[in-house]
Amino acid sequence: MANISSSSLPKQSSCDAWYADSCASVNICNDSHAFVEMKPTKETVTGLGHNVITADGIGIVEVESYRSEGSEPMIVWLENVLYVPSADNNLLSIGRVDVKGGTFTVKGGRAEITDQRGQLTFTGKSANHMYL
């Protein structure tokens with residue numbers, strides 16, 4: 001069973017929007033079209049208030065990322081992502097970033113995620129004290 005935070009995140013209409021979540025123990029995507037590979041699963045996910053939802057799949061998601069505003073996009077693949085169509089938002093687990101040897105830093109309303117080689121892979125900005 002995985003844990004996620006299902007706090008008062010504003011629902012994002014774009015499947016391209018991901019929240020960096022330090023309370024999520026897994027990466028979660030609500031759009032099946034984002035997966036380049038997926039296999040069925042019935043893994044349960046527990047959120048805030050002990051709400052339990054069931055994932056329909058697990059696999060690899062292709063995410064378009066930008067190193068800076070106006071830069072060329074780069075493709076990042078996230079592995080072992082749960083497909084949860086009922087999830088309001090896509091969640092990027094900061095704990096998973098750490099386990100893979102990456103870093104998550106914030107400063108001045110900006111967030112950066114680097115991979116295990118120190119390469120910048122994601123940038124985000126603060127929205128209501130959350131990083132998107």
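**From a hairpin to the core**

In strand β11, R110 is the bridge partner of K107. The model is predicted, so local features are taken at pLDDT of at least 70 and side-chain atom pairs at pLDDT 80 or more, while totals for chains, interfaces and linings use all residues. Residues are numbered from 1 along each chain as its sequence is written, and side-chain values use heavy atoms, with hydrogens and water left out.

K107 belongs to strand β10 (residues 103-107), which runs antiparallel to β11 (residues 110-114) and is joined to it by five bridges. Two strands count as paired if DSSP finds at least two bridges between them. The hairpin of β10 and β11 has two residues between its strands, and G108 takes a positive phi near 60° there.

Helices (H or I, at least four residues) and strands (E, at least two) are DSSP runs, numbered from the N terminus. Their order along the sequence is β-β-β-β-β-β-β-β-β-α-β-β-β-β. Of the contacts between residues at least 6 apart in sequence, 53% join residues at least 24 apart; a contact means heavy atoms within 4.5 Å.

Of the 132 residues, 41% are buried, that is, under 20% relative accessible area with a 1.4 Å probe, counting protein chains only. The accessible surface is about 7,800 Å², and carbon and sulfur atoms account for 50% of that surface; the areas come from the Shrake-Rupley method with a 1.4 Å probe.

A nonpolar core is a set of buried Ala, Val, Leu, Ile, Met, Phe, Trp, Tyr and Cys residues joined through side-chain atoms within 4.5 Å. The largest has 16 residues, and W18, C29, V61, L78, V81 and F122 have the most contacts inside it. Two or more residues of this core come from each of β7 (57-66), β8 (73-83) and α1 (94-99). The largest contribution is that of β8, with five residues. Leaving aside neighbours within four places in sequence, L78 contacts W18, G59, I60, V61, V63, L92 and F122. Another core, of eleven residues, lies apart from the largest one and includes I58, A87, L91 and M130.

Confidence is given by pLDDT, the predictor's score for each residue from 0 to 100. The average is 82, and 86% of the residues score at least 70.

Technical notes
Buried means under 20% relative accessible area, exposed over 50%, partly exposed in between (1.4 Å probe, protein chains only).
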